[in-house]
Amino acid sequence: MKKMIPYMLILILIFYGLPLFIKETVLAMIALLCLIPLITFIVSLLYGYKQTQWIIFPFIVGCLFLPTIFLFYNESALIYTFIYGGISFIGALIGHFLKKN
């Protein structure tokens with residue numbers, strides 16, 4: 001669990017810090033659809049590559065995003081919890097397989 005902390009801190013900064021600087025709806029949608037998924041994928045890819053116990057990480061990513069729905073967005077953003085968890089799973093899985101090769 002301690003090995004996850006640096007990766008989780010990066011995602012916390014993105015999930016909670018990025019919305020503080022977004023003032024327009026268009027920018028929020030770009031962040032939700034492009035920027036946050038890309039960073040989530042890259043962080044998860046690195047985590048899957050460097051750690052052997054990667055399977056729980058995507059669930060934690062989804063849980064980290066969940067409070068932002070009520071803080072910055074609305075209930076319609078609930079689907080992004082599952083999307084980011086899925087993106088994290090794919091990234092960690094690819095990172096895990098890249099390490100094996």
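Guide: A patch here is made of residues with over 30% relative accessible area and no salt bridge, and nonpolar side chains are joined within 5 Å. The model is a predicted one. In it, a nonpolar surface patch of about 770 Å² is formed by Tyr49, Ile55, Ile56, Phe59, Phe89, Ile90, Ile94 and Leu98. Helix α4, residues 79-100, supplies the largest share of this patch, with four residues.

One member of the patch, Ile56, sits in the loop that joins α2 (25-50) to α3 (57-71). Ile56 has a relative accessibility of 46% and therefore counts as partly exposed, because that class lies between 20% and 50%.

With 26 residues at 1.5 Å a residue, α2 should span 38 Å, and its end C-alpha atoms are 36 Å apart, so the two values agree.

Phe65 and Leu11 are 54 residues apart in sequence, while their C-alpha atoms are 8.6 Å apart in space.

Helix α4, the main contributor to the patch, also holds Ile79. Ile79 counts as partly exposed because its relative accessibility is 47%. Between the C-alpha atoms of Ile79 and Leu66 the separation is 9.7 Å, and the two residues are 13 apart along the chain.

Cysteines are a last point. A disulfide is a covalent bond between the sulfur atoms of two cysteines. With a cut-off of 2.5 Å between the sulfur atoms, the count of disulfides is zero. Cys34 is partly exposed, since its relative accessibility is 47%. Cys63 has a relative accessible area of 55% and is therefore exposed.

Methods
Residues are numbered from 1 along each chain as its sequence is written. This is a predicted model: local features need pLDDT of at least 70, side-chain atom pairs count only at pLDDT 80 or more; totals for chains, interfaces and linings use all residues. Side-chain values use heavy atoms; hydrogens and water are left out. Patches are made of residues with over 30% relative accessible area and no salt bridge: like charges are joined within 9 Å, nonpolar side chains (Val, Leu, Ile, Met, Phe, Trp, Tyr) within 5 Å. Accessible areas come from the Shrake-Rupley method with a 1.4 Å probe; for residues, only the protein chains shown count as cover. A salt bridge is a side-chain nitrogen of Lys or Arg within 4 Å of a carboxyl oxygen of Asp or Glu. Helices (H or I, at least four residues) and strands (E, at least two) are DSSP runs, numbered from the N terminus. Buried means under 20% relative accessible area, exposed over 50%, partly exposed in between (1.4 Å probe, protein chains only). The expected span of a helix is 1.5 Å times one less than its number of residues.
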